[in-house]
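Please consult the sequence and structure shown below while reading.

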Amino acid sequence: MMEFTCDGMVRYGFGFYNPNHAAALICALMPFLWGWKRLPQLGWALFLLLAIALAFTYSRTGIIVVFFELAAWFLLSERWNWNWRRNWKWIVLMAAGVTVIAASVGVLARFTLDRSLLNRPEIWLAGGKLYAANPMGVGSGYSGILVSTFLLDDIECRTLVNSHLTLLVERGVIAGFLWGCGIIYALIRGSAKFEAGARLPGW
């Protein structure tokens, strides 16, 4: 099995083949640790432990998503007047904690315009062309192979570097429609529950 590395450091997948998938799961779990009515400090402490695990995935998108989730959780709690005057101090403290952890592990050093970042628009465009030619899907696990072989020059990728686009291209229009309906439903209903609503930036 191939290892994912960053500047010679192994990116931890915590059981996942791709560390980015581990980062996505960690980001999805984090909001459920915030604002506990009982033992709130324990919830925030567990959040910081997950932040350490997230940092070791070296996922740039994962770090960005955490900040979007913190902002969404704050805005939702303010909207519903749920102790937001107290929550903003916790949120600033946790954002600072995530920044310190990311800097200590070395994730912040990845926030540069490297080739893996600059290649993404070209990969997404190739994915759109592949979907247009195969609206019913190309099969699970084949999107990266096909765009690398037929649509991209000197770029090799395993997926389309976007979960939504990869699902649409590999599974087709029916799966994409159902997935989109799920996201729209979550957007409509999630705002009434802080934890669910705060997860939406990580979809």
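The model described here is predicted. In helix 7, which covers residues 143-151, the buried residues are Ser143, Gly144, Val147 and Ser148. Viewed down the helix axis, the buried residues of helix 7 fall within an arc of 125 degrees, so they line one face of the helix. An α-helix has 3.6 residues a turn, so residues three or four places apart point the same way.

On the other side of helix 7, Thr149 and Phe150 are exposed. The buried residues of helix 7 pack against helix 6 (120-133) and helix 8 (163-171).

## Overall architecture

The protein contains 10 helices and 2 strands. Along the sequence, these elements follow the pattern β-β-α-α-α-α-α-α-α-α-α-α. Of the 203 residues in the protein, 39% are buried.

Among contacts with a separation of 6 or more, 65% are between residues 24 or more positions apart. The protein exposes about 12,000 Å², and carbon and sulfur atoms supply 66% of this area.

## Nonpolar cores

The largest nonpolar core has 26 residues, of which Met30, Trp34, Phe47, Leu54 and Val66 touch the most other members. Two or more residues are given to this core by each of helix 1 (19-29), helix 2 (40-55), helix 3 (60-79) and helix 4 (84-105). Helix 4 gives the most to this core, with 7 residues.

Apart from this core lies another one, of 12 residues, which includes Ala126, Leu130, Tyr131 and Leu160.

Which residues does Val66 touch, not counting residues up to four places away in sequence? With that exclusion, Val66 touches Cys27, Met30, Phe47, Leu54 and Val98.

## Ser59 between two helices

Ser59 lies in the loop between helix 2 and helix 3. Is Ser59 buried or exposed? Its relative accessibility is 4%, and because residues under 20% are classed as buried, Ser59 counts as buried.

A polar atom of the Ser59 side chain lies 3.0 Å from the backbone nitrogen of Gly62. Not counting residues up to four places away in sequence, Ser59 touches Arg11, Asn20, Ala23, Leu54, Val107 and Arg110.

## Gly128 in helix 6

Gly128 is found in helix 6, one of the helices against which the buried residues of helix 7 pack. Gly128 has a relative accessibility of 32% and counts as partly exposed.

Gly128 and Leu168 are 40 residues apart along the chain, and their C-alpha atoms are separated by 9.4 Å.

## Cysteines

How many disulfides does the structure hold? The structure holds 0 disulfides. A disulfide is a covalent bond between the sulfur atoms of two cysteines.

Cys27 has a relative accessibility of 4% and counts as buried. Cys181, with a relative accessible area of 34%, is partly exposed.

Technical notes: Residues numbered from 1 in each chain as written. Predicted model: local features only at pLDDT ≥ 70, side-chain atom pairs only at ≥ 80, totals over all residues. Heavy atoms only, no water. Buried < 20%, exposed > 50% of the residue type's maximum accessible area, 1.4 Å probe, protein only. Helix = DSSP H or I, 4+ residues; strand = E, 2+ residues; numbered from the N terminus. Arc of directions from axis to C-beta. Contact = heavy atoms within 4.5 Å. Disulfide = S-S within 2.5 Å. Areas by Shrake-Rupley, 256 points an atom, 1.4 Å probe, with all protein chains shown as cover. Core = buried A, V, L, I, M, F, W, Y, C linked by side-chain atoms within 4.5 Å. Polar contact = N/O pair within 3.5 Å; in protein donor to acceptor, adjacent residues only side chain to side chain.
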